[in-house]
Amino acid sequence: MDQLQQFYGYFCVNGSWLLNLIGFIVLFLFIGFFGLPLIIWTLAGLVFLYGFGAPLWLCAAFLAVMFVFLIKPLRQNTISKGIMYVMEKAKFLPQISQTERTALEAGVVWVEKDLFSGKPNFTEILKEPYAHLTAEEQSFIDGPVEELCQKCEPFKIWKNKEMPPEIWDLIKKRGFLGMIIPKEYGGLGFSAMAHSEVVMKLATRSLPASITVMVPNSLGPAELLIHYGTEAQKNYWLPRLASGAELPCFGLTEPRAGSDAGSITSSGVIFKNDQGELCIRLNWNKRWITLASVSTVIGLAFRLNDPENFLGRGEDIGITCALIPSNAPGVILGRRHDPLTIPFHNCPTHGKDVVVKLEDAVVGGAKGCGQGWMMLMECLAAGRGISLPAQATGGAKMAARVVSSHALIRKQFGVSIGMFEGVEEPMARIGSTAYAMEAMRRFTLGALDKGIKPSVVTAIMKYQTTEMNRRAINDAMDIMGGAGISLGQRNLLGEGYVGIPISITVEGANIMTRTLMIFGQGALRCHPFAFDEIRALEGKDVKGFDRAFFGHIGHVVRNLCRSILFSITRGYLANSPRGVHAKTRIHYRRLQWASATFAILADIAMAALGGQLKMKEKITGRFADIFSNMYMSTAVLRRFIDDGQKEEDLPFVQFFLKQSMAEIQKAFDGIFDNLKIPGLRWFLKDVIGAWSRINSIGSQATDGWSHAISKAMMSPGEQRDRLTSGIYWIGEKTHGMSAVLDRLSKNDQTARLENAFNIVIKVEASEKKIRKAFKAGSIKAKRGLASWEEALSKQIITQDEFKLLSEADKVRYDAILVDDFSEKEYHEQA
């Protein structure tokens with residue numbers, strides 16, 4: 001007792017106790033910051049006790065406790081077993097269904113695991129390969145894809161509600177339907193990058209054409225056969241699919257099974273026919289199946305039952321995928337949905353007592369029975385990162401090119417509308433979005449082409465790119481005004497604007513993707529220990545649980561210390577990779593700060609809410625926003641390096657990263673305000689939340705960056721071309737003046753805008769002379785504008801400049817016109 005009183009007295013009497021205490025707190029924070037082993041914590045604890053005069057018995061007791069934790073076999077049989085028992089009794093961990101488990105185990109983890117860890121290694125992340133096209137793939141883009149784009153007449157297709165036969169023939173003849181099929185089966189054998197480039201360019205010309213090409217090359221018969229089919233199935237189907245002799249669709253969604261695809265009711269029952277062969281009798285009712293009405297083979301997902309146990313695996317075999325000829329007796333096709341007037345084939349399909357041979361129809365034969373959900377999840381783990389992100393990126397790039405052209409060409413109050421700050425603001429958002437989406441697209445494709453299928457990253461890609469495109473096209477429509485809302489051949493954005501909700505809805509509705517997949521699955525998939533803990537508990541593996549649980553404790557302590565020190569120093573304790581641009585270093589530091597704070601908050605939420613967390617979708621949605629923005633920011637930094645860290649790109653990089661950090665801060669604020677933990681809510685909301693707002697991790701981009709972006713977008717040159725690369729656009733630099741004139745004669749609005757843009761640029765110097773003379777009083781106004789004729793007569797401009805100004809006025813007027821129709825034209829087909 002006397003020793004304890006002396007120990008207490010030391011704290012109360014000795015004047016240096018507070019400084020010593022602060023010193024030890026800082027020491028412990030740095031031990032945690034660097035993730036030092038438990039033995040170091042033990043030694044530091046002893047020094048702390050000794051330094052403050054603790055009695056010997058207290059030091060011994062401390063050592064005894066730490067001894068239990070340091071000796072693994074002892075810890076496993078005492079502490080870990082007890083914790084496992086309590087968790088099992090309390091049913092603390094979430095119950096994971098088989099379909100959820102399959103989804104969790106589909107694909108692999110990639111850089112997202114680093115971002116989730118609280119300690120991302122950006123030096124290694126920046127070494128990840130960046131996707132590039134081969135010479136053969138680029139030739140296909142420049143040849144067949146360009147040819148298909150030029151043959152498409154988007155407004156005519158929309159008006160007639162059908163692609164003409166010559167477009168279908170070209171798609172089949174040039175191998176568009178077999179891009180993912182290996183060359184040995186007659187396909188093109190393209191990389192994910194090439195697949196993405198084709199879809200992106202087509203999407204900027206015709207949505208029906210891009211969707212028609214996209215669907216056979218994404219989740220469907222070809223992809224399933226490539227990965228899981230028998231050799232006989234591959235040899236029969238793949239050459240026919242590659243040549244276009246067979247047109248596939250894939251039937252997954254149903255009236256009562258949309259986002260919850262695991263609840264499908266379509267069924268198949270195994271029986272033996274008169275020849276003793278195993279067959280399946282199928283019944284289905286599918287909705288929203290793209291290409292179904294024109295398909296020749298249906299990829300079908302259904303629940304397989306084996307009531308007579310022919311397979312020896314019980315009655316309920318599970319979800320299975322099979323290939324069903326569209327002309328099989330009992331298959332009902334022919335009707336169509338109308339997806340927001342975008343005329344691609346999206347249809348219902350029914351099957352009534354359709355009979356197929358099991359070994360021929362089931363993907364993978366008898367071995368593939370019951371493996372359908374795994375097949376679907378593994379294919380989607382890659383597919384979500386290709387088609388829809390490509391389509392969305394093309395949409396944002398097209399918006400950037402169209403809007404920047406229009407903003408320079410169109411004048412109001414005597415100046416280009418792009419000079420107004422009210423227009424600069426949305427135009428900067430469009431430009432930075434296009435830059436970021438291309439960065440995300442190519443970074444993700446680099447992983448996919450390396451054979452990695454990061455399911456969480458591709459979910460981020462699907463959600464974020466489609467939402468970013470939605471915001472970009474909305475901004476574009478605001479700037480375009482009447483030119484945006486008037487449909488016709490001159491409107492390059494109307495079809496994309498109308499079709500936006502389609503991409504938001506398919507391949508997992510965005511609401512579900514954000515709230516359930518990105519963080520709901522990511523919390524287990526990307527966390528370094530959580531899924532291992534669940535597996536160990538389910539398998540009653542004490543050693544495995546001990547390793548995962550105490551690794552998790554160390555992970556929590558490290559991230560707590562890192563988040564505290566980063567917050568106090570505003571991230572300056574974090575390092576940035578060598579060789580990065582000086583102005584981007586702050587972003588690497590802020591991302592490390594965000595990662596550490598995200599990681600500790602994720603662990604707090606998982607510990608406090610346990611299995612209930614997945615039901616708190618507003619909370620998981622905010623975590624998903626932070627996670628997504630960390631990935632997007634990383635991709636932008638990676639692109640900046642791959643492009644050579646060009647100074648002129650800094651406005652795009654800085655603007656997007658500032659906006660992204662502001663979104664991260666917004667999500668943190670929402671978590672601090674709404675994470676309801678008994679006894680701690682006041683501390684999280686009123687103390688930590690208040691400090692977070694005062695010591696914000698990010699704020700909005702400044703007006704200077706938005707001005708620099710809009711100016712760059714309206715300036716001709718390599719940067720503008722790079723920002724909008726890969727879209728359908730007829731320009732003098734890429735196609736030659738003769739091609740521009742040819743396409744102008746065919747009413748191609750891209751050629752019209754490009755021609756006007758270039759001519760308007762050429763007269764800027766002349767217009768500047770005239771404005772200067774007008775301000776000086778040398779010439780007078782005519783109809784509110786300075787007179788060109790008077791400027792010519794006073795030799796302020798030359799005769800050649802006068803002619804160019806006249807031409808510019810003519811093409812400027814022509815470029816801003818919109819289509820109009822007679823009553824007859826309006827109501828009849830194009």
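Arginine 722 counts as buried because its relative accessibility is 15%, buried meaning under 20% relative accessible area, exposed over 50%, and partly exposed in between (1.4 Å probe, protein chains only). The model is predicted, so that local features need pLDDT of at least 70 and side-chain atom pairs count only at pLDDT 80 or more, while totals for chains, interfaces and linings use all residues. Residues are numbered from 1 along each chain as its sequence is written, and side-chain values use heavy atoms, with hydrogens and water left out.

Arginine 722 forms a salt bridge with aspartate 643, with 3.5 Å between the closest N and O atoms; a salt bridge is a side-chain nitrogen of Lys or Arg within 4 Å of a carboxyl oxygen of Asp or Glu. The pair links distant parts of the chain, 79 residues apart: arginine 722 is in helix α31 (residues 718-723), and aspartate 643 is in the loop between α27 and α28 (650-674). Helices (H or I, at least four residues) and strands (E, at least two) are DSSP runs, numbered from the N terminus. Aspartate 643 is also buried, because its relative accessibility is 14%. Salt bridges with shared partners join Arg639, Asp643, Asp649, Glu718 and Arg722 into one network.

In total, 34 salt bridges are counted. One of them is between aspartate 338 and lysine 161 (4.0 Å, N to O). Aspartate 338 lies in the loop between β6 (331-332) and β7 (346-357), and lysine 161 in the loop between α10 (154-160) and α11 (165-173), so the pair ties together parts that are 177 residues apart in sequence. Lysine 161 has a relative accessible area of 43% and is therefore partly exposed. Another salt bridge joins glutamate 790 and lysine 794 at 3.0 Å, N to O. Lysine 794 is partly exposed, at 44%.

The count of disulfides is 0, a disulfide being a pair of cysteine sulfur atoms within 2.5 Å. For cysteine 249, the closest cysteine sulfur is that of cysteine 347, at 7.9 Å, which is too far for a bond. Cysteine 249 is buried, with 2% relative accessibility. Cysteine 526 is likewise in no disulfide, the nearest cysteine sulfur, in cysteine 379, being 20 Å away. Cysteine 526 has 0% relative accessibility and so counts as buried.
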